[in-house]
Amino acid sequence: MDNITIQKVIEGDVNAFRFLVDKYKDMSFSISCSILKNEQIAEENVQDAFIKAFKALKQFKGDSKFSTWLYKIVVNEALKKIKKKSLETKEINDLDEYKEYSSVNDSIKEFSLFYQKKYINATLNKLNEKESLLLRLYYLNENSIQEIKEITNLSTANIKVILHRARNNFHIKLEKELNHELSSIL
Amino acid sequence: MNKQDKIANPETKILIEKSGLKIKNPDFTDMLMAKIEAKTCLEFSFKKYLKLSWFFIILSALILPLSIDMVISNFNTYFPYFELYLPVNTQSLMLFLIVGMVLIILFQIDKLINMTLKRGVLN
């Protein structure tokens, strides 16, 4: 379906691009938020990335999925913005131990879906951009390691290491977030 | 638990699946498409005017030397007393004019080359 739409856009049907925007804008936004940690700048980034993708659409050869190609543009644009504006990103490197996560999962089930989403996103925002990006690509968008490699330009080994660390950091941070919230309620 | 199981951790998947964010601006797609359409129109007219500019610059580069040559050869015939009112002779004046016009044409060609290489306003 994507390939038919892309062909239409290349042939001059600008409005066909709307389909691609609607399909991929939210995941692009999640990816941008992972890196930029700011919803307003992330929205601008998605807009810039789509304009760039539109311009470069003729160069898309279809070797990979359109989404992989687009998310690579989103990531590159976001990284450019970080460099330009020197946005503050928080590095967390001291939480490397592995643990079982069932306790965190049980705790979060106590909250409504709205709050679950809120705490999960707050926790992802506390991770550094690579960790949060890889978690979203792998677990939310279900990209394979190979696709993540194409999107981020990281090596396979590096992706696995970051994913492992990200998962640990995420669960530890989430547990802290929930404990803090529970203690403030009680 | 082997390494692959650790990566494809279902506990983490359940949690991260809830982290999907949505763009809050309901007009996002409309605004983006309007921007793209405006830029596409601008790009189209830009390309059209670029072609026209090349046509006129080449035309003027061809016509100008002919017209200057014609003016120089007939100047003294039509304006025999003109030199009396000027501090320089007509030949020198024409030379200044030619140099000036050649510079203007070269400057315009340089601008057009830059615009053509950038290939439009979308870049």
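# Exercises on a predicted two-chain model

Over all chains, the count comes to 13 salt bridges. The model is predicted.

**Exercise 1.** Find which residue of chain A pairs with B:Asp30 in a salt bridge, and say where the two residues sit.

*Solution.* Start with the general idea. Side chains of opposite charge can pair when their charged atoms come close. Now take the pair. B:Asp30 forms a salt bridge with A:Arg18. Their closest N and O atoms are 2.8 Å apart. The pair crosses between chains: B:Asp30 lies in helix H3 of chain B, and A:Arg18 lies in helix H2 (residues 17–36) of chain A.

**Exercise 2.** Decide why B:Lys22 and A:Asp26 count as a salt bridge.

*Solution.* Take the distance. The closest N and O atoms of B:Lys22 and A:Asp26 are 3.9 Å apart. Apply the cut-off. The limit is within 4 Å, so this pair counts. Then place the pair in its setting. Between chain B and chain A the count is 4 salt bridges.

**Exercise 3.** Describe the interface of chain B and chain A, then the side that chain B brings to it.

*Solution.* Begin with the contacts. 32 residues of chain B touch 44 residues of chain A. Next, the area. The two chains bury about 3800 Å² between them, and 63% of it is on carbon and sulfur atoms. Then the polar contacts. The rule finds 12 residue pairs across the interface. Now the elements. On the side of chain B that touches chain A, two or more residues each come from helix H1 (3–7), helix H2 (10–16) and helix H3 (28–78) of chain B. H3(B) gives the largest share, 9 residues. Last, the residue classes. This side of chain B divides into 13 nonpolar, 9 polar and 10 charged residues.

**Exercise 4.** Work out what lines the second largest pocket.

*Solution.* First, the space. The second largest pocket holds about 270 Å³. Next, the lining. It has 15 residues, and those nearest the centre are A:Glu39, A:Lys117, A:Asn121, B:Leu21 and B:Lys24. Helix H6 (residues 113–126) of chain A gives the most, with 6 residues. Finally, sort the lining: 4 nonpolar, 4 polar and 7 charged.

Technical notes: Residues are numbered from 1 along each chain as its sequence is written. Chains are lettered from A and ligands numbered from 1 in the order in which they are written. This is a predicted model: local features need pLDDT of at least 70, side-chain atom pairs count only at pLDDT 80 or more; totals for chains, interfaces and linings use all residues. Side-chain values use heavy atoms; hydrogens and water are left out. Contact means heavy atoms within 4.5 Å. Buried area is the accessible area (1.4 Å probe) that two parts lose on being put together, summed over both. A salt bridge is a side-chain nitrogen of Lys or Arg within 4 Å of a carboxyl oxygen of Asp or Glu. A polar contact is a pair of N or O atoms within 3.5 Å; within protein, one must be able to donate a hydrogen and the other to accept it, and residues adjacent in sequence count only if both atoms are side-chain atoms. Helices (H or I, at least four residues) and strands (E, at least two) are DSSP runs, numbered from the N terminus. Ala, Val, Leu, Ile, Met, Phe, Trp, Tyr, Cys and Pro count as nonpolar, Asp, Glu, Lys and Arg as charged, and the others, Gly among them, as polar. On a 1 Å grid over the protein atoms alone, a cavity is a set of points where a 1.4 Å probe fits but cannot get out, and a pocket is an open set with protein on both sides within 12 Å along at least five of seven lines; lining residues have an atom within 4 Å of a point. Grid points are joined across faces, edges and corners, and a volume is the space filled by probe spheres set on the points.
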